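Dear colleague,

I am passing on a structure that I would like you to look through before we next speak. Please have the sequence and the structure open together as you read the notes that follow.

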2 protein chains.
Amino acid sequence: MNQLFADIESHSAAYLDRLVQVTAQPSIAAKGLGIAAVADLLTSMLRAIGFQVEQVDTDGSPVILAQMEGAGPQTLLFYNHYDVQPADPLEAWTTPPFEPTIREGKLFARGVADNKGAIIARIGAIESYLRVRGRLPVNLVWVIEGEEEIGSVHLHQFVTGREELLRTPLGCVWEAGGRNALERYEIALGCKGILYLELRTRGAARDLHSALAAVVANPAWRLLWALDSLKGPNGRIRIPGFSDDVRPPTPAQRRALAAMDYPEEQVRALYGIDSFLDGLTGLPLKERLVFGPTCNIDGFHTGYSGPGSKTVLPQEAMAKVDFRLVPDQQPAHVLELLRAHLDREGFSDVEIAWWEGEAPSASDPDHPFVQEAVSVAAQVYGHSPNVVPMSPGSGPTYLLCAQFGVPTVTAGVGYADSRAHAPDENIRLADWSDHMRYIVTLLERFAQP
Amino acid sequence: MNQLFADIESHSAAYLDRLVQVTAQPSIAAKGLGIAAVADLLTSMLRAIGFQVEQVDTDGSPVILAQMEGAGPQTLLFYNHYDVQPADPLEAWTTPPFEPTIREGKLFARGVADNKGAIIARIGAIESYLRVRGRLPVNLVWVIEGEEEIGSVHLHQFVTGREELLRTPLGCVWEAGGRNALERYEIALGCKGILYLELRTRGAARDLHSALAAVVANPAWRLLWALDSLKGPNGRIRIPGFSDDVRPPTPAQRRALAAMDYPEEQVRALYGIDSFLDGLTGLPLKERLVFGPTCNIDGFHTGYSGPGSKTVLPQEAMAKVDFRLVPDQQPAHVLELLRAHLDREGFSDVEIAWWEGEAPSASDPDHPFVQEAVSVAAQVYGHSPNVVPMSPGSGPTYLLCAQFGVPTVTAGVGYADSRAHAPDENIRLADWSDHMRYIVTLLERFAQP
């Protein structure tokens, strides 16, 4: 192992150059910006260290499929994504989002935590492994998609026809994760699902003088009341049938949840909040975070937003809403329930302008591959990792792995203040090096004795 | 009378030049834009025809006070405003809002209907009257303020110390009005009041990943629920005590309401709506329009508004809300009731960031001055005018007139498609000429026989 770690150490400057190069290039799927350039850049980096790489076309961003034969009969799957979140609000960044900058041992750039940092760390780890050992101990299949931040909307096109390939791996090293606010390394076993919607209401043919509110319906009120019908002030989701498919956590998941730490005080300080929702704390807080479905307003826009007063009856209103789903809620089914609920409640005028969804999945904490990943983390990080039975965020774990019976463990370069999806996204370079050490150690576990 | 009308006719090109000149100049109180320039322009136009003019300073726009002595002992008050609404959305204008353009007998410009058109028409009418008769038959006091579109927020500073002057007039020719969708001339007797508020809620110290919605309060939901507590889907305002000060219409007001026409089909076509709020029609529709208080969302903004999906838990939310008030609701009292209601309902976290208000007023339809104005309209327009017992819009009728016992009648240059407060605001030049004829005819009524 010392040899592997030493090789990583001695090449870290070159590996960091790669990271700067990749994070300097925007690749924002939501805006269709820079996707091909980053896909090409990663393809050439992967080929340079010996991967067979194919860019699989979809109706959206291409999916990078990189494969390398190893010594053993076993196959590992890696999953990452090369697209990033939009960078706005730009004015909130200390340095520009696509000018990677190192300050106090941290690299600041959009996408460095989520998750170009992990991609480049893994490339470095594999390069070092190959240099020291000559060959990987397992076959490696690496899927790097380009639409994770917009809900992996075309990844199913990649999956279709590749079911056999995707049934092969014994496990998948997923993206995301890193250290929590207690500096404990964290491994999440799958992801919540998501249903993301845009809702619209329309009123008069144009904005009217607000005096007419006495006799003309206001689409802002209509949309507001429709949203209120989804979730009221007590926080309970009011859509009949919404919770019917929620499967209670297994005993193994409950044990993992109880053992999981959640550093409440640090998290509150980081977010700048006095308390958690509904005053939750302890185990109930963790249970809500990990196993609780949500209904969240991502945006609501209607009418006048400028300074002072403008008396207007807006002609339309728009809201963006996401539901985080837990096993076995399926987004298409929740959408049906939602539409039926709106119609029943008298909100058939509320349009679902578009939607996208991902199914939830949570791997069994007792699965041997999960146990192996946990054990490797303990070895590399020097402490027993914090196992999160399911990530509160979403990703295509079900689509790519869980539906084929393949367990997933996250492995990442982030920390509690990485600010994924927010201004000043950053990673600590020490965490980045740890991720390389984690990957080579995991690979080494599969080497034949 | 023929002489007066002939003089107006023969000078209409010069009068129109004035209107183009004044509407070419923005004077947007909400943005503090162009106020002084338009105040100066009008001051010089008024002085040129013989008014004694004073610009009365306030903490906002100056109030133009123009006075002219006439033959009789009686005094008339005119009220107008020289400020206009903001012009956005600019892209929705056929021609730019501050490039006055004539198409098909209509003049398009921001503020031409509301209400620079009336100011310039009145100046023209008075100029013609003086040229033909040598002297006005009454004393004239003309108040032209520059903050009507932002709620006349400093007009009270003008009123204070001028109570004696404001108690003198036998009646006030107010701004606004014109022809309705049936081409019937309309006279409104006072205005609804208004309470305009900006509400704000705050959550975490910054935008968070929406996965955290499981455990972190969302200020968008908080504001939405607070608004829902003000008015539910049945449209009833839920603030206890809100309706306590609502005075039922008098028999004279009820008679006026019954006689008032409201061309429902044309109005629906103009607004592009299939039906009125709650399916109202006939007398109940008119009663709601004229005597119904409102609670309207003028704007609601939080979170992401761009294309596609961004999974965000917004850090704050903002709404602009207006209440239209009817006699004897007082804005400051409604504000107190609102704050108490929010606190009682658990929304003490909802901030009232700022507010402004105006009290309502409705003149007695049987008042002799009102009867005179109606009779003049019948003479000039050739039909009995449509009397609206109270305008559904707001204005400082209470502050400037009603509190001193002075009745108000609107007189304007608009028509049903004038698009006040909206893109493509316009007047028909024929209506503009009619307003000049109306003003000289009204003045003539007060001439000693």
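Two strands are taken to pair if DSSP finds at least two bridges between them, and this is a predicted model, which should be kept in mind throughout.

Within E7(B), B:Cys172 is the bridge partner of B:Leu77. These strands belong to an open sheet of six strands in chain B, ordered E1-E2-E6-E3-E7-E19, in which the pairing is mixed. Its edge strands, each pairing on one side only, are strand E1 (52-56) and strand E19 (408-410) of chain B, and from one strand to the next the twist averages 20°. Helix H3 (residues 35-48) of chain B packs on this sheet, where it touches E1, strand E2 (63-68) and strand E6 (139-145) of chain B, and its direction makes about 160° with that of E1(B). Helix H4 (residues 112-133) of chain B, for its part, lies across E3 and E6 of chain B and runs at about 145° to E3(B).

Turning to the contact between the chains, 66 residues come from chain B and 66 residues from chain A. Among the elements that give two or more residues to the side of chain B that touches chain A are strand E10 (190-202), helix H7 (219-230), helix H10 (282-291) and strand E14 (316-325) of chain B, while E12(B) gives the most, with nine residues. The residues on that side of chain B divide into 35 nonpolar, 19 polar and twelve charged. Strand E12 (residues 294-303) of chain A runs antiparallel to E12(B) and is joined to it by five bridges, and the bridge partner of A:Gly303 in E12(B) is B:Gly299.

Lastly, there is a helix pair in chain B: helix H12 (residues 368-381) and helix H14 (residues 429-445) pack at an angle of about 130°, with their axes 9 Å apart. The crossing in which H12(B) passes H14(B) is right-handed. Residues of H12(B) including B:Glu372, B:Val376 and B:Val380 meet residues of H14(B) including B:Arg437, B:Tyr438 and B:Leu442, and the residues of this contact divide into seven nonpolar, two polar and four charged.

With best wishes

Key. Residues are numbered from 1 along each chain as its sequence is written. Chains are lettered from A and ligands numbered from 1 in the order in which they are written. This is a predicted model: local features need pLDDT of at least 70, side-chain atom pairs count only at pLDDT 80 or more; totals for chains, interfaces and linings use all residues. Helices (H or I, at least four residues) and strands (E, at least two) are DSSP runs, numbered from the N terminus. Axes are lines fitted to C-alpha atoms, for helices over the stretch in contact, and angles run from 0 to 180 degrees between N-to-C directions. Two residues are in contact if their C-beta atoms, placed from the backbone, lie within 7 Å. Ala, Val, Leu, Ile, Met, Phe, Trp, Tyr, Cys and Pro count as nonpolar, Asp, Glu, Lys and Arg as charged, and the others, Gly among them, as polar. A crossing is left-handed if the near helix is turned anticlockwise from the far one by less than a right angle, and right-handed if clockwise.
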